[in-house]
Amino acid sequence: QREENPQRQWSLQDFEIGKPLGKGKFGRVYLAREIKSKYVVALKVLYKEQIEKYRLHHQLRREMEIQTGLRHPNVLRLYGWFHDAERIYLILEYAHGGELYRLLRKTGHLREKQAATYIASLTQALAYCHQKHVIHRDIKPENLLLDHEGRLKIADFGWSVQSSLKRHTMCGTLDYLAPEMVENKAHDYAVDNWTLGVLCYEFLYGIPPFEAENQKDTFRRIIKVDLSFPSIPNVSADAKDLISRLLVKDSSKRLSLQKILEHPWINKNADPTGTCPK
Ligand SMILES: CC(=O)NC[C@@H]1CCN(c2c(Cl)cnc3[nH]c(-c4cn(C)nc4C)nc23)C1
């Protein structure tokens with residue numbers, strides 16, 4: 001049957017391949033340009049044998065169906081895909097600003113206006129995803145990209161799920177896991193709210209809140225919600241208030257996405273255009 005928006009059949013011959021941009025989960029991502037339109041994209045190349053070996057084709061299919069259907073200024077677009085004998089190619093939006101992670105490592109920590117702007121963008125993107133019944137579950141700085149105007153883009157929906165009922169599968173890296181995921185309990189949308197708290201803390205202090213020497217200690221700190229605020233850098237009381245209302249063990253008591261957007265710290269500091277000029 002015809003697609004919702006008729007995707008023409010792409011092939012490798014339609015693109016000029018540029019420099020490698022980095023490693024995704026199961027393949028490399030290249031800068032590329034569609035020859036006719038000169039449109040610049042990121043081309044994610046995945047090896048079929050890897051996908052089969054790790055039995056990931058259903059997860060990949062889910063990622064592709066989910067990301068193709070999402071249209072939001074803070075969600076990286078998946079324009080289409082094609083394959084050849086050994087590889088699957090995802091035609092992704094190219095984020096000119098690169099990984100937020102690098103910016104964070106370079107600057108150490110973000111200014112409050114910058115951090116609030118990114119948290120507001122992430123919250124709006126998650127509210128959009130949740131109303132489309134999608135839980136990302138893997139929001140971490142490595143999966144956050146920046147466009148040419150410094151606008152945040154959530155990428156890599158590899159672990160996102162079409163949430164019908166509560167999910168039980170383990171996923172994500174340690175620092176960003178909510179207690180109910182660490183304790184392998186049923187979890188739902190509210191895991192993304194917890195992660196927003198972790199990210200907000202990391203944007204402002206440069207380190208995630210429950211960082212520890214090893215996994216066991218990180219797990220223990222998460223389950224205990226062992227949260228403390230360093231005195232350096234000096235962070236506003238409003239910011240700490242928002243973080244404290246997100247890093248709550250009982251997932252039903254975490255601040256809702258709507259309430260985050262109404263929080264005083266967001267209202268005072270977030271740039272409505274999402275770009276937050278220097
Ligand atoms: C979230 C994710 O999939 N990360 C792994 C891949 C690394 C490059 N990916 C990019 C993807 Cl999928 C899209 N756009 C990108 N832009 C860049 C980039 C730009 N600069 C200046 N430096 C970099 C790096 N990278 C991408 C994603």
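Isoleucine 88 touches Lys44, Val45, Leu46, Lys48, Leu60, Phe82 and His83, leaving out residues up to four places away in sequence. The model is predicted. Its chain has 278 residues, and 49% of them count as buried. The secondary structure comes to 10 helices and 10 strands. Among contacts between residues at least 6 apart in sequence, 63% join residues at least 24 apart.

**Isoleucine 88 and its strand**

- Isoleucine 88 sits in strand β5, which covers residues 87-93.
- Its relative accessible area is 14%. Buried means under 20%, so isoleucine 88 is buried.
- From isoleucine 88 to alanine 32 the sequence separation is 56 residues. The C-alpha to C-alpha distance between isoleucine 88 and alanine 32 is 15 Å.

**Nonpolar cores**

- The largest nonpolar core holds 53 residues.
- Within that core, Leu122, Leu144, Phe203, Leu204, Ile260, Trp265 and Ile266 touch the most other members.
- In soluble globular proteins, nonpolar side chains tend to be buried together.
- Leucine 204 touches His109, Leu110, Glu112, Ala115, Pro233, Val235, Ala239, Ile243 and Trp265. That list does not count residues up to four places away in sequence.

**Helix α6 against α8**

- Helix α6 spans residues 190-205, and helix α8 spans residues 237-246.
- The two helices pack at an angle of about 150 degrees, with axes 8 Å apart.
- An angle over 145 degrees counts as roughly antiparallel, so α6 is roughly antiparallel to α8.
- The crossing of α6 and α8 is left-handed.
- On the α6 side, the contact uses Asn193, Trp194, Leu196, Gly197, Cys200, Tyr201, Leu204 and Tyr205. On the α8 side, it uses Ala239, Lys240, Ile243 and Leu246.
- By class, the contact of α6 with α8 has nine nonpolar, two polar and one charged residues.

**Helix α4 against α6**

- Helix α4 covers residues 112-131.
- Helices α4 and α6 pack at an angle of about 165 degrees, and their axes are 10 Å apart.
- That angle makes α4 roughly antiparallel to α6.
- The crossing of α4 and α6 is right-handed.
- From α4 come Glu112, Ala115, Tyr118, Ile119, Leu122, Thr123, Leu126 and His130. They meet Asp192, Asn193, Leu196, Leu199, Cys200, Phe203 and Leu204 in α6.
- The contact of α4 with α6 divides into 10 nonpolar, three polar and two charged residues.

**Two buried threonines**

- Threonine 195 is in helix α6. Its relative accessible area is 6%, so threonine 195 is buried.
- Leaving aside neighbours within four places in sequence, threonine 195 is in contact with Ile139 and Tyr176.
- Threonine 275 lies in the segment after α10, a helix of residues 264-269.
- At 18% relative accessibility, threonine 275 counts as buried. The cut-off is under 20%.
- Threonine 275 and glutamine 114 are 161 residues apart in sequence. Their C-alpha atoms are 8.4 Å apart in space.
- With neighbours within four places in sequence left aside, threonine 275 contacts Thr117, Glu149, Gly150 and Arg151.

**Backbone points to check**

- Most residues other than glycine have a negative phi, and most peptide bonds are trans.
- The peptide bond from isoleucine 232 to proline 233 is cis, with omega near -5 degrees.
- Proline 233 lies in the loop between α7 (215-224) and α8. Proline 233 is also one of the residues touched by leucine 204.
- Valine 225 lies in the loop between α7 and α8. Its phi is near 50 degrees, a positive value in a residue other than glycine.
- Arginine 55 has a phi near 50 degrees, again a positive value in a residue other than glycine.
- Arginine 55 lies in the loop between α1 (48-53) and α2 (57-69).
- The relative accessible area of arginine 55 is 56%. Exposed means over 50%, so arginine 55 is exposed.

Methods: Residues are numbered from 1 along each chain as its sequence is written. This is a predicted model: local features need pLDDT of at least 70, side-chain atom pairs count only at pLDDT 80 or more; totals for chains, interfaces and linings use all residues. Side-chain values use heavy atoms; hydrogens and water are left out. Axes are lines fitted to C-alpha atoms, for helices over the stretch in contact, and angles run from 0 to 180 degrees between N-to-C directions. Helices (H or I, at least four residues) and strands (E, at least two) are DSSP runs, numbered from the N terminus. Angles under 35 degrees count as roughly parallel, over 145 as roughly antiparallel, 65 to 115 as roughly perpendicular and the rest as oblique. A crossing is left-handed if the near helix is turned anticlockwise from the far one by less than a right angle, and right-handed if clockwise. Contact means heavy atoms within 4.5 Å. Ala, Val, Leu, Ile, Met, Phe, Trp, Tyr, Cys and Pro count as nonpolar, Asp, Glu, Lys and Arg as charged, and the others, Gly among them, as polar. A nonpolar core is a set of buried Ala, Val, Leu, Ile, Met, Phe, Trp, Tyr and Cys residues joined through side-chain atoms within 4.5 Å. Buried means under 20% relative accessible area, exposed over 50%, partly exposed in between (1.4 Å probe, protein chains only).
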